[in-house]
Amino acid sequence: MAENHTNNAEQSKITSEDFVDFVVEYDAKLLELATNNPDIVIGYRFQSNLAIIYVRRKVADSIINQLTVLSNLSYPLLFGISDIAILSETGILPIQNNPSLGLRGSGVLLGVVDTGIDYTHPAFLYEDGTSKIKFIWDQTDFCGKIPSGFKYGSEYTQEDVDRALASGNPLTQVPTRDDHGHGTFLAGVASGFERETYEGVAPDSELIIVKLAPAKRYARENNMLFRENAIAYQDTDILAGLFYVVDKAQELNMPVSIALGVGTTQGGHDGFSYFPINGIRRNLVISSACGNEGDARNHTSGTLTTNTVYNMELHIAQDEPGCVVYIWGFAPDKMSIGLVSPSGEKIEKIAVRNITQEKYKLLFHDTTIWVTYYIAVDRN
């Protein structure tokens, strides 16, 4: 059952800059800490033993140190929007136009987790003017009903959208919009009806849309993303969006393909993450845009054995105000780091202390370095 926004204290906390987001084990310790505790909100639960929680920032470190943080990161990773290839470059047209195959998306849902959608666009309207969009969850909107299982944003159904379209002034009834256009473009490429100059890959599919909330300021600052106009989303909101689409597909008893048009240079990029819903649900496929940074040398890898040293050279732009570097390994292995500046100033091997931030100064470069270790949890 969806709920209204009136007097919703939990939503106010979830969307507040005073609360930070984590993915943790849903266990007895979490319930003990959260009971009658105004500093913790338990958000969406998934896979029966995991949850997204929101913790008051000023007490976050003390609370998180008592819990099992699945991501082994103290703050969310950030994702930005990715480039998307046009239809003709994918080679899909010959398959789509083969009448014997009938691969046009009929009976399939297409989920888009991105910047939202222009639901008034003709690409998403049937001939009678009604919408092919089954659900919209706008994480930034507080005018509609909160979707069941979640505690923020507004959900609009196909009936809501159809009423809005018929009203002559749709945005007064369903005020969600795509201010960037990326989500609308992605939905059009994947599912748009044939119009004069274009057609989507699966034009007979129906849509479930998630408009992501922009990353909070604390997450941007912790990831040293200082450009105000940079588009960024938190992994916790993306994760919630993915499960929203999956839950709706189960509710409708339909197969779903999710198009994720965001990406990040952060994280291990090793195939392991806490977005593990591909393998646990039938009739589910997730496709992610690859972006266009393959030649940017944002990643490196190597193999360490006991008591060996691996040298990694970082090139930081002259006027760069800050950057974040993640170094990943596999549980139960542990790694330590040291640093050498361009002038030869050294920070010797830094001892491993779980989720404890160490601060260092490079005097010759007027640079401050923070080092935080996260000891990996072997979930296997």
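The model is predicted: local features need pLDDT of at least 70, side-chain atom pairs count only at pLDDT 80 or more, and totals for chains, interfaces and linings use all residues. Residues are numbered from 1 along each chain as its sequence is written, and side-chain values use heavy atoms, with hydrogens and water left out.

Three strands form an open sheet in the order β9-β4-β11, with antiparallel pairing. The edge strands, β9 and β11, each pair on one side only. Here a strand is a DSSP run (E, at least two residues), numbered from the N terminus, and two strands pair if DSSP finds at least two bridges between them.

Strand β4 covers residues 78-81 and pairs over two bridges with β9, residues 233-234. Within this pairing, F79 has Y233 of β9 as its bridge partner. Two bridges also join β4 to β11, residues 262-263, in the antiparallel sense. There, G80 stands opposite G263.

Turning to the cysteines, a search of the whole structure finds zero disulfides, a disulfide being a pair of cysteine sulfur atoms within 2.5 Å. The table lists the accessibility of C143 and C323. Buried means under 20% relative accessible area, exposed over 50%, and partly exposed in between (1.4 Å probe, protein chains only).

| Residue | Relative accessibility | Class |
|---|---|---|
| C143 | 61% | exposed |
| C323 | 36% | partly exposed |

Notes: Helices (H or I, at least four residues) and strands (E, at least two) are DSSP runs, numbered from the N terminus.
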